[in-house]
Amino acid sequence: MRLNKFFTSAAAAAGLAISFSSAIAADITGAGATFPYPIYAKWAEEYKKVSGNGLNYQSIGSGGGIKQIKAKTVDFGASDMPLKAEELQTEGLMQFPAIMGGVVPVVNLEGVAPGQLKLTGQVLADIYLGKITKWNAPEIASLNAGVKLPTQDITVVHRADGSGTSFLFTDYLSKANPDFKAKVGSSTAVKWPVGVGGKGNEGVAANVQRIKNSIGYVEYAYAKKNKMGYTQLKNHDGQFVQPDDDTFKAAAANADWAKTPGFAVILTDQPGKSSWPITGASFILMHKTQADAAKGKEVLKFFDWAYKNGGSMAADLDYVAMPAAVVKLVEDTWKTQLKDGSGKAVW
């Protein structure tokens, strides 16, 4: 099986799914964020080879993943927007980070090379507010001396579904632009003033590829695999940076996982001259009381294997693996928070 089949625009109209089935009862199910889908697909492929156990992951967006785990229709949910401690408590859930990566603005501009166009958070937010409507607007041109900018209108592309990628993107834009914060705000689903929607990172990528002079936002693996044009961004320290695993790692370096309830660290607009400003973690959600303890343990075995063996695969796709110290914190919470129906530890 080839990983690149997961990035075809034909799949944009519906949520993608990894399905590596086996006949044994250890197969596990998950649903949610499209942000980590490429790395979960790769991990699932390799894990099936070494364990014989299958994973079915529905790439339906963070909002859908949160709904499905609350409804107990999957073994785990996945979201790029961490739930707050109060909601975790109310729903009887625990969460832990599985992987980190970056969200990048992507563009379809003839004659502009990937990584050539420079934008600031202020300007990017004004584009998504519909205040900047032309590619050669002074606000863009002043950042891009020597770049031949189109004179055409900008077509804005955004997510149409509940999305952790949208949460990271709107959280950053809200920090960079007070007007955006007041009029749109940050959430998995917002009321966009302008633009056309796409379902999943797949749908946004497909729309940007199809529509000339468009701009969207996707997880970096989708931009890279689809050979899309992307932009530089001006970060918290005033430096223009390119998206890659080094700039994602720089943003993640300041995270204080140990002192953040529910590991709910948000990595947008982090300080550091090399930090990519739209970096984030993707989180796994599980019920603290596991109705099927054996199935719950299989979920943990999968992520334990991924933590220990999936780092190079993550780097190949420009994700950032969780540091060993964070993995220890996470697995310690598995031991204390996840129980079977009789109160016995699952892990």
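Trainee: What should I know before I start?

Mentor: This is a predicted model, where local features need pLDDT of at least 70 and side-chain atom pairs count only at pLDDT 80 or more, while totals for chains, interfaces and linings use all residues. Residues are numbered from 1 along each chain as its sequence is written, and side-chain values use heavy atoms, with hydrogens and water left out.

Trainee: What counts as a helix or a strand?

Mentor: Both are DSSP runs numbered from the N terminus: helices are H or I with at least four residues, and strands are E with at least two.

Trainee: Is strand S7 enclosed or open to the outside?

Mentor: First the term: buried means under 20% relative accessible area, exposed over 50%, and partly exposed in between, using a 1.4 Å probe and protein chains only. Strand S7 covers residues 155-159, and four of its five residues are buried, so the rest of the structure largely encloses it.

Trainee: Which strand is joined to S7 by three bridges?

Mentor: Two strands pair if DSSP finds at least two bridges between them. Strand S8 (residues 196-198) is joined to S7 by three bridges, and they run parallel. There, Arg159 stands opposite Gly198. S7 also runs parallel to strand S9 (residues 214-219), with two bridges, and Val156 faces Ile215 in S9.

Trainee: Which way do the residues of strand S4 point?

Mentor: In S4 (residues 76-79), Phe76 and Ala78 point one way and Gly77 and Ser79 the other way, and all are buried. Strand S2 (residues 28-32) pairs with S4 in the parallel sense over three bridges, whereas strand S13 (residues 279-287) runs antiparallel to S4, also joined by three bridges. Follow Ala78 to see both pairings: Gly32 stands opposite Ala78, and Ile284 is the bridge partner of Ala78 in S13.

Trainee: In what order do the strands of the open sheet of three lie?

Mentor: The order is S6-S11-S12, with mixed pairing. S6 (118-119) and S12 (240-241) are the edge strands, each pairing on one side only. S11 (residues 232-234) pairs with S12 in the antiparallel sense over two bridges, and Leu233 stands opposite Val241 in S12.

Trainee: How do I describe two packed helices?

Mentor: Use the angle between their axes and the distance between the axes. Axes are lines fitted to C-alpha atoms, for helices over the stretch in contact, and angles run from 0 to 180 degrees between N-to-C directions. Angles under 35 degrees count as roughly parallel, over 145 as roughly antiparallel, 65 to 115 as roughly perpendicular and the rest as oblique.

Trainee: At what angle do H11 and H13 pack?

Mentor: Helix H11 (residues 293-309) and helix H13 (residues 324-337) pack at about 165°, with their axes 11 Å apart. That makes the two helices H11 and H13 roughly antiparallel. Contact means heavy atoms within 4.5 Å; the residues that meet include Phe303 in H11 and Trp334 in H13.

Trainee: How many residues of helix H4 are buried?

Mentor: Seven of the eight residues of H4 (residues 121-128) are buried, so to speak mostly covered. Among them are Val123 and Ile127. Just after H4, Gly130 takes a positive phi of about 80°.

Trainee: And what is the angle between H4 and H6?

Mentor: H4 and helix H6 (residues 164-176) pack at about 115°, with axes 8 Å apart; they are therefore roughly perpendicular. Tyr128 in H4 and Phe169 in H6 are among the residues that meet.
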